Amino acid sequence: MTSPFDCFIIFAEMRTGSNFLESNLDQLPGLQCYGEAFNPYFMVTPETDELFGVTVQMRDADPMSLLARMKSETDGLPGFRFFHDHDPRVFDALIDDPRCAKIVLTRNMVDAYVSRRIAMATDQWQLSDAKDARKAQARFIPEEFEKLFYRIKSFQLKIKDRLQRAGQTAFYIDYEEAQQLEVINGLARYLGEKTQITEFATTFKKQNPEPLSEKVQQFELLASTVGRIDVFDLHKIPNFEPSRPPALKSYLASDVLQLVFLPIAGGPTEQIAGWMDGTGPITRDFSQKTLRQWKRRHKTHRSFTVLRHPVARLHTAFCDLLVVRGDDPQWDLKHALRNNYDVALPDEPDAPWSLAAHRAAFLNFIGFVGKTLSGQTGVSVDPSWASQTETIKGFADFALPDHILREDQLTAGLDNLLSEVAVDAATDLPATQPDAPFPLAQVYSDDIEDAVRKLYQRDYVMFGFRPWGKQD
């Protein structure tokens, strides 16, 4: 047998038909399966003491040694079954390895859960003869099912994501598809096996062929629980916004206050900087190295960032575009907004500008930002209108802030921070300057709120923003 692979892994879960699949692959002369070789509680089966001279203790100390033995001492292509709670070191070693073939076996999670509960009730996990079948109805436990559902779903998404990033694909096979000889033989060809099977192995029989409604004690409870779970992610908020790296150059630190401020562009950065500067010099222009050094010197430090309401934040960014400057660094953007996106910005210092014109231009600017965040324009996302969710995710590439404060509760939040670092010498928070030429209170409308909410739905959901002016 010639194969592009040197091993294979079957990603599966309990009661997905993995024993049945394995028994059929074992019929093929060039394939050999070794069960749950990396189950954290046993090896291959609960009765197996060692495999290729490797004990469970030896495997746990060095799982790669068992894999190496498996490859070198198997006459053919070795493989094994791997569940979401098996040794993560093996997953990390093989998921990016193109020489390891990936097989993903799935089953309707409700059927798999019910089958598992019946097996627990009857203590019959395998069936080789139908006359020996033990019957019992499953007890459905909603909390247990939901926890298992999301854990397995998360693992399946992790597999898909890692394969995509590595430029690989897997052979996906469902529980019902595994009952088709043509599919099993197709899987064998995928693995490089030249022979085929003509009938299924007789080792395992289907245990519970009855309709689901007959196998569960509380079928109505099952139906209502499953109905609450958004299986198809109908309420998922699409996110096409590019990720953002941590902008360490913008971080501000105060030796006196023992605080590091992680600004979110478009937020109250100048106000916080003025407050920090009132008690002593501020350190700026950090790199990862210099920020680590600062934190080591200030062992009781705290870091924080400040959220601003999305409407207020975007209006501030818009007002900045209204300022007409000589040698304007934003000239290209303003030119594109005027000529390509119907945002009527003033182009002369004394150009007439009414509240109605301001409000109309702001609404068009909101529409432009929405298209940009969705990747529908050729304009890159400016930090001042990137979502706050994505900005904070970017912080995590170095270190998340200890505290996320809110602009409308800033005084209380800063007082709490100072109490944590045992500092009581701080100046009053400087007042903020209203947006110009029109403050948001004059510009705001329900149409603006609705447009911004649609644009920053993730921020509204993640941070619980209410309509602007009603945060309290």
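I began with the contacts of Leu94: leaving aside residues up to four places away in sequence, Leu94 touches Cys7, Ile9, Leu67, Phe80, Cys100 and Lys102, where contact means heavy atoms within 4.5 Å. The model is a predicted one, in which local features need pLDDT of at least 70 and side-chain atom pairs count only at pLDDT 80 or more, while totals for chains, interfaces and linings use all residues. Residues are numbered from 1 along each chain as its sequence is written, and side-chain values use heavy atoms, with hydrogens and water left out.

I placed Leu94 in helix α4 (residues 88-94), helices being DSSP runs of H or I with at least four residues, numbered from the N terminus. Leu94 counts as buried because its relative accessibility is 3%, the limit being under 20% relative accessible area with a 1.4 Å probe and protein chains only. Pro142, Phe145 and Glu146 in α6 meet Leu221, Thr225, Val226 and Arg228 in α9.

Last, I recorded the residues lining the largest cavity, which are Tyr251, Val260, Leu262, Leu291, Lys295, Ser303, Ala399 and Leu400; a cavity is a set of points on a 1 Å grid over the protein atoms alone where a 1.4 Å probe fits but cannot get out, and lining residues have an atom within 4 Å of a point.

Conventions: Helix = DSSP H or I, 4+ residues; strand = E, 2+ residues; numbered from the N terminus. 1 Å grid on protein atoms, 1.4 Å probe; cavity = no way out; pocket = protein on both sides within 12 Å on 5 of 7 lines; lining within 4 Å. Buried < 20%, exposed > 50% of the residue type's maximum accessible area, 1.4 Å probe, protein only.
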